[in-house]
Amino acid sequence: SALVSRIFQAEGSNAGSSAELRIVGGNASTASLKFGDGAAYRYSLVTDTSDNLLFKATDTNTRMTLDTAGKLGLGITPTEFLHVYHASTNTLGLFESGDNTAQLRLKDPNSTQYINTDDAVLSLGPQSSVHAGNINIRSDGNVGIGCIDPNQKLSVSGNTGWPAASLHSSSEHGTGLQLYNTNTTEQDWAILGGGSKWNYAFRIYDQTDADYRFAIDRDGGVGI
């Protein structure tokens, strides 16, 4: 087995007393604790002149910075309480659970929200599991609002009240929903309602041919 040498040991002299190791640099200088072998220093802990604590590799490359405000930076001097940076790597973090469920919790003084994964479903909202009260996204890209297993690209399930969903805008042209299809020949439609420019009428608009095909004004008049 490898030979292990105890270089330094500090113990409190009485039961319950503490022991400490102090490394103090001169005024406006740094202090460091270095780890290495016979060839080179491999890692070091350094306090810089701004009182940050730095973890360095090869004695020169700063890998982690803890500043006096408690902000921690990995690969960067932090501007937030956790700040991760790499110049070329796009995946900057991984949170991994050993079973089929993982969760992140976000909390402020008034509420707690969750990011959950469970059996290939991403669930976002106030519930701590995949739940109809969250927005649920399946691995095939289907999105469910009010349901946990959406079978269409967007599935919305309301409660016993009305409506199950609503669209709002402030445009003078009204509030609209566009319908596109490119199966063989492209044909695009729009369903619009309200808007002062059109006297608040309900309209069906042929976007492909740029013409209105159907309209009902707010007095009940119908135009085809």
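Which strand is the place of Phe214? Phe214 sits in strand E16, which covers residues 211-216. Here a strand is a DSSP run labelled E of at least two residues, numbered from the N terminus.

## About the model

This is a predicted model, where local features need pLDDT of at least 70 and side-chain atom pairs count only at pLDDT 80 or more, while totals for chains, interfaces and linings use all residues. Residues are numbered from 1 along each chain as its sequence is written, and side-chain values use heavy atoms, with hydrogens and water left out.

Phe214 counts as partly exposed because its relative accessible area is 24%. On this scale, buried means under 20% relative accessible area, exposed means over 50%, and partly exposed lies in between (1.4 Å probe, protein chains only).

Leaving aside residues up to four places away in sequence, Phe214 touches Phe202, Arg203, Ile204, Val222, Gly223 and Ile224. Touching means contact, with heavy atoms within 4.5 Å. Take Ile224: 10 residues separate it from Phe214 in sequence, and the C-alpha to C-alpha distance is 4.6 Å.

## Asp48, a buried charge

Now look at the loop between strand E2 (41-47) and strand E3 (53-57), where you will find Asp48. Asp48 is buried but has no salt bridge, and the nearest side chain of opposite charge, Lys56, is 7.7 Å away. A salt bridge needs a side-chain nitrogen of Lys or Arg within 4 Å of a carboxyl oxygen of Asp or Glu. Lys and Arg count as positive, Asp and Glu as negative, and His and the chain ends are not counted.

What lies around Asp48? A polar atom of its side chain is 2.9 Å from the backbone nitrogen of Ser50, and a polar atom of the Asp48 side chain is 2.8 Å from the backbone nitrogen of Asn52. Not counting residues up to four places away in sequence, Asp48 also touches Ser29, Thr30 and Leu54.

## The sheet

Strands E1-E2-E3-E4-E5-E6, in that order, form an open sheet of 6 strands with mixed pairing. Its edge strands, E1 (31-36) and E6 (82-84), each pair on one side only. Two strands pair if DSSP finds at least two bridges between them.

Strand E3 and strand E4 (residues 61-66) run antiparallel and are joined by 5 bridges. Lys56 has Thr62 in E4 as its bridge partner.

## Ser170, out in the open

Is Ser170 buried or exposed? Ser170 counts as exposed because its relative accessibility is 77%. Ser170 belongs to the loop between strand E12 (154-156) and strand E13 (175-181).

How values were computed. Helices (H or I, at least four residues) and strands (E, at least two) are DSSP runs, numbered from the N terminus. A polar contact is a pair of N or O atoms within 3.5 Å; within protein, one must be able to donate a hydrogen and the other to accept it, and residues adjacent in sequence count only if both atoms are side-chain atoms.
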